[in-house]
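Subject: Structure handover

Hi,

Here is the structure for you to work from. My notes follow below it.

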Number of protein chains: 2
Amino acid sequence: MDRTLAEDVIKNIGKEILIEGWLHKKRLLGGLNFINIRDRTGLTQIVVEQKDEVEKLRGLQIGTILKVIGTVKDEPRAPGGAEIHDPKLEVVVPVTEEPPVEIDKPLSHEPENLDTLFEHRAIGLRNLQETKIFKIRSQLLRYIREFLYKNDFTEINTPKLQADAAEGGAEVFKLDYFGQEATLAQSPQLYKQIMVGVFERVFEIAPAFRAELSATTRHVSEVTMLDVEMGFIEGPDDVLNLVQDLVYDILTRLYKDYAEDLKSLNAPELKLTAEFPRYSMAEIHNLYGKANKKDMSQEIDLTPDEERWICEYAKKQDGCEAVFATGLPVSKMKFYHMKGEDETALSADLLFRGIEISTVPVREHRYQHLTDQMKTVGIDPNSPGFAPYVSAFKHGLPPHGGFGFGIDRLTEKTIGLANVKEAILFPRDINRLTP
Amino acid sequence: MDRTLAEDVIKNIGKEILIEGWLHKKRLLGGLNFINIRDRTGLTQIVVEQKDEVEKLRGLQIGTILKVIGTVKDEPRAPGGAEIHDPKLEVVVPVTEEPPVEIDKPLSHEPENLDTLFEHRAIGLRNLQETKIFKIRSQLLRYIREFLYKNDFTEINTPKLQADAAEGGAEVFKLDYFGQEATLAQSPQLYKQIMVGVFERVFEIAPAFRAELSATTRHVSEVTMLDVEMGFIEGPDDVLNLVQDLVYDILTRLYKDYAEDLKSLNAPELKLTAEFPRYSMAEIHNLYGKANKKDMSQEIDLTPDEERWICEYAKKQDGCEAVFATGLPVSKMKFYHMKGEDETALSADLLFRGIEISTVPVREHRYQHLTDQMKTVGIDPNSPGFAPYVSAFKHGLPPHGGFGFGIDRLTEKTIGLANVKEAILFPRDINRLTP
């Protein structure tokens, strides 16, 4: 007999079917005995009537793998609207030890319980609420790729073992590479720009590594990054429109297709307009200052409180909880960014639900300007790690821009989790290298 | 005026259009002056008639970024079947240095020229033949994911920074992780098995790292791996059928959609049947021994020559150049593989065009058997790196199996390249950490 999945049980009223899965819940109350079986599509309720079938379940714990053949009956109160009667049970894999964490009730995500959550991750992920988080994450990845394919982007795989650290700084993992020092990629920045010279439009979804010494709700040492780069832009608006259309497309799809899961995870309602409001940093300083009776005129950058505030403001004012902050200070620029004419960077931050989820800059594509900017920050354009990069500019790169964002953080903010680690299957931080 | 892409020029006969791209070829012959412009969709030929337009091109090299406005005329001999007349040229980014490698003629992939190929990779990838390789690679990734989505697989992202080396052995990169020793993942093996307990069917496409001391055509230190794992299998055939259906689906799609590109890359014709022939190792020893008048009865494993031979044999005999070699020796088993009853491993090798592209085993899902097999190879099931893994078995994993294969090697064999590095944008080996 072919296996029927939980989601298809309701289509088989009156028929005998085969269910396979994990024992998820067991209630042997004497009079009324029932169990729930979990498979990849959900739960099936089974009423166990016969005494010798009940006996088979004695001593078996949650996680036991069962095959069940029985007849489907309509039952509106059961998960999926139906249940199985007259079952014959077969124990495929017996489990005799209780699970270390609760499988059937939501697990605590309170800060003081996170260590326990991650310690028992291998089992805790079987909890239905946890599973939903990672089903949503996997769908986000799928929607992102579909959007980018539709817009003619080519997927690339760039090396994570590199000679030089593209972003510089201390937060780089180093390793011995056959007697030479190698670094683990913090981002595919230089490679994706080189690849604009080949495919014009490229993207990569891959791990990136940061030796973050901070232990906060925002820091992990391994992230999954989306990186996108696009050539032949007319100006900064082309890049802002790209990330705006991407974020709008994937989130509205997700909130439509996964409405029920998002609701059961207490995700906030989504408020997005097809065009995200754009405020300059000066405007934000001004609006925030007035509203909060503070003088922000001396601030060089946006404060974290301003980031939260402007998202709330735009949500009320514009009906959109994603906002671009433009006119960022030149001091925030990387050497590969382009400077605007008015002493601000040709770059914007995309803020969503209170925090920055991406910086969206135009790149400096002019060879001479780029190498000058490299020298200013102390990078030798002719060093082995950088020479191939600058050669792509010497031999012609068009005006281009791009962005990257963490899939982890996007998942976190989409669902409304409190800590980025809750959106990672097996998070890595300063204190955690297992499981 | 909106930009027209090279592939759409033919649709605009008689109209004035705007073309943007790289100067790809320049022929200033006095009487007849023409240039080719490259964009992400191909080449456009432009006839430059007016003297002052010709003058704009003096001194400019391949790679120069141009905007061209002109009128489309039918011209069967031009790329795409049309060309631009009466152009007005605008130089967006001038390039004054000749490219270090040929852009318009195929680059040499002879072993002695590979170092030059990789040294100038940033520019060499703009060569149309190189671009095709990576367009095909990106499509393979897309087709693989589409097949797996259709079959209900969930995408996962597992950590590349790990405490213990899952596969053991010396070929592991090690690094300092905040004072602790970490290893770079050789594969997501243990994590994908844990995730069977959550999603039943999972996959990941991600980098994997091997400190390979060998310098051969098959060895690189960073690969892009597809990893797949499937629960609730009835036996080894379910896993063989899965990888067979996947490979059949993606390769027949590719050969249909990219026939022209594959032909221009001299890719061999594809010979596949929907069911791949299956031969046991004993049968292969026997067939090969008879054909080559050799006694193979003492061989424990397949020899490389047998791998090549059986693929040729099956191509002629069965009309299929993908073959499963079953009944592999127990000595080749990993601790997480399942032993068959007849002292062979419940595992098969998938051979394609002469080499093994994947090993396709059933896993040992029984907690007691697994921990016994771990102890036999000297692994402590209770060590911090392994305890979370075995706990997934203690709390119930169904019969499962899976496989992994290198996207690099699959691309190499699909196109018929001679060295796996030719299928990698920026390959890493014992001698190469840049570009």
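How far apart do the C-alpha centres of domain 1 of chain A and domain 2 of chain A lie? They lie 48 Å apart. Domain 1 covers 6-93 and domain 2 covers 139-423; such bounds come from an automatic or database domain assignment.

Some ground rules. This is a predicted model, in which local features need pLDDT of at least 70 and side-chain atom pairs count only at pLDDT 80 or more, while totals for chains, interfaces and linings use all residues. Residues are numbered from 1 along each chain as its sequence is written, and chains are lettered from A and ligands numbered from 1 in the order in which they are written.

Chain A overall

Chain A holds 12 helices and 16 strands. These are DSSP runs, numbered from the N terminus (helices H or I, at least four residues; strands E, at least two). The C-alpha trace spans about 85 × 60 × 40 Å along its principal axes. Of the 435 residues in chain A, 49% are buried. Buried means 20 or more other C-beta atoms within 10 Å of the residue's own; exposed means 12 or fewer; partly exposed is in between, with C-beta atoms placed from the backbone. Take the contacts in chain A with a separation of 6 or more: 63% of them join residues 24 or more positions apart. A contact needs C-beta atoms, placed from the backbone, within 7 Å.

Two helices in chain A

Helix H8 (residues 281-292) packs on helix H9 (residues 304-318) in chain A at an angle of about 85°, with the axes 10 Å apart. Axes are lines fitted to C-alpha atoms, for helices over the stretch in contact, and angles run from 0 to 180 degrees between N-to-C directions. H8(A) is therefore roughly perpendicular to H9(A), a label for angles of 65 to 115 degrees (under 35 is roughly parallel, over 145 roughly antiparallel, the rest oblique). From H8(A) come A:Ile284, A:Leu287 and A:Tyr288; they meet A:Glu306, A:Trp309, A:Ile310 and A:Tyr313 of H9(A). That contact has 6 nonpolar, no polar and 1 charged residues. For these classes, Ala, Val, Leu, Ile, Met, Phe, Trp, Tyr, Cys and Pro are nonpolar, Asp, Glu, Lys and Arg are charged, and the others, Gly among them, are polar.

The two chains

The contact takes 70 residues from chain B and 71 residues from chain A. On the chain B side, helix H4 (residues 128-150) gives the most, with 6 residues. By class, that side divides into 36 nonpolar, 17 polar and 17 charged.

Chain B superposes on chain A by a rotation of 180° with 0.0 Å of shift along the axis (RMSD 0.0 Å). That is the relation of a two-fold axis. The same surface serves both copies, as 100% of the contact residues of chain B recur in chain A. B:Leu175 comes closest to the rotation axis among the residues of chain B, at 2.5 Å (C-alpha).

Two residues in chain B

B:Thr371 lies in helix H10 (residues 367-376). B:Thr371 is buried, because 20 other C-beta atoms lie within 10 Å. Leaving out residues up to four places away in sequence, B:Thr371 touches B:Pro381 and B:Val390.

B:Lys334 sits in the loop between strand E13 (322-326) and strand E14 (347-352). With 17 C-beta neighbours inside 10 Å, B:Lys334 counts as partly exposed.

Best wishes

Methods
Least-squares fit on C-alpha atoms with pLDDT ≥ 70 in both.
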